[in-house]
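Here are a few notes to read alongside the model, written for someone meeting it for the first time. Take them in order, and keep the view open as you go.

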Amino acid sequence: MTSIDDPKGTASARRGPFDVSHPCGACQGQGKVDEQPCATCHGTGAGRLFHGTKADLRPGELIEPGRPANFGKPDRQSRYVYLTGTLDAATWGAELALGEGPGRIYVVEPTGPIEDDPNLTDKKYPGNPTRSYRSRQPLRVTGEVVEWQGHSKEELEAMKGGLERLRRQGVEPIEE
Ligand SMILES: [Zn+2]
């Protein structure tokens, strides 16, 4: 299986530090309290969850599933909405999102259950190191990260090249 951030292992795009910027205080970033998933952070260990996009949104607004994915067929509507516990993964989301205008990174809270994003969780990256998740329920915007460091032009070109190769190979996002 290929992963969108290292298709066929050929992309030179950096995988990022993928650090959780704000570990959850309730579980000290462990994602578990007394062997149960931590309710505060939805079991992610991340005290803040992010969504990268090019949409212009305000706190309180909902991000619904149904936007086109950033790879695969352009007319394909995603049945999920994606979120991550790491700023680096959110940065890729903001930079690669379809649409015009600058990328934006919002702090979000899920309104329903979340699960690991299978597109970024495989044998190559055991344990979901990019802390990428998805939900069928909307995400509520609670804030915006206004200062973030984008990837370099070279990193962005390498990533876009990798996504374009995937598109040509007919690789579609995993949406089951
Ligand atoms: Zn927690």
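1. Start with C27, which is buried in this predicted model. The relative accessible area of C27 is 4%, and the cut-off for calling a residue buried is under 20%. C24 is buried as well, with a relative accessible area of 2%. C41 is another buried cysteine, and its relative accessible area is 2%.

2. What coordinates the zinc ion? The donors are the SG atoms of C24, C27, C38 and C41, at 2.3 Å. The angles among these four donor atoms run from 104 to 118 degrees, and the site is tetrahedral. If you like to look for patterns in the sequence, the donor residues follow the spacing C-x2-C-x10-C-x2-C. C27 sits in the segment before strand 1 (32-33), while C41 belongs to the loop between strand 2 (36-37) and strand 3 (49-53), so this pair ties together parts that are 14 residues apart in sequence.

3. A disulfide is a covalent bond between the sulfur atoms of two cysteines. How many disulfides does the structure hold? The count is zero.

4. Two residues deserve a look for their backbone angles. Most residues other than glycine have a negative phi. Q28, which is not a glycine, has a positive phi of about 55 degrees. You will find Q28 in the segment before strand 1, and at 60% relative accessibility it counts as exposed. E35 is also a residue other than glycine with a positive phi, in this case near 70 degrees. E35 lies in the loop between strand 1 and strand 2; its relative accessibility is 65%, so E35 counts as exposed, the cut-off being over 50%.

5. Now move along to helix 2, residues 153-168. Does its length agree or disagree with what its 16 residues should span? At 1.5 Å a residue they should span 22 Å, and the end C-alpha atoms are 22 Å apart, which agrees. Just after helix 2 comes G170, where phi is positive at about 80 degrees.

6. Which residues of helix 2 are buried? They are E155, L156, A158, M159, G162, L163 and L166. Looking down the axis of helix 2, you can see its buried residues fall within an arc of 165 degrees, so they line one face of the helix. The face turned away from this buried side carries the exposed residues K153, E154 and R168. Helix 1 (87-96) is included in what covers the buried residues of helix 2.

7. That brings us to L87, whose place is in helix 1. Is L87 buried, exposed or partly exposed? Its relative accessibility is 26%, so L87 counts as partly exposed. Leaving aside neighbours within four places in sequence, L87 is in contact with D19, S21, F50, I105 and V145.

8. For a second look, I would return to two places. One is the tetrahedral site of the zinc ion, with its donors C24, C27, C38 and C41. The other is helix 2, where the buried residues line one face and the exposed residues K153, E154 and R168 are on the face turned away.

Technical notes:
Residues are numbered from 1 along each chain as its sequence is written. This is a predicted model: local features need pLDDT of at least 70, side-chain atom pairs count only at pLDDT 80 or more; totals for chains, interfaces and linings use all residues. Side-chain values use heavy atoms; hydrogens and water are left out. A disulfide is a pair of cysteine sulfur atoms within 2.5 Å. Buried means under 20% relative accessible area, exposed over 50%, partly exposed in between (1.4 Å probe, protein chains only). Donors are N, O and S atoms within 2.8 Å of the metal (3.2 Å for Na, K and Ca); water is not among the atoms, so sites may look incomplete. Four donors count as tetrahedral if all angles lie between 85 and 135 degrees; four count as square planar and six as octahedral if opposite donors are over 155 degrees apart and all others between 65 and 115; anything else is irregular. Helices (H or I, at least four residues) and strands (E, at least two) are DSSP runs, numbered from the N terminus. The expected span of a helix is 1.5 Å times one less than its number of residues. The arc is that of the directions from the helix axis to the C-beta atoms. Contact means heavy atoms within 4.5 Å.
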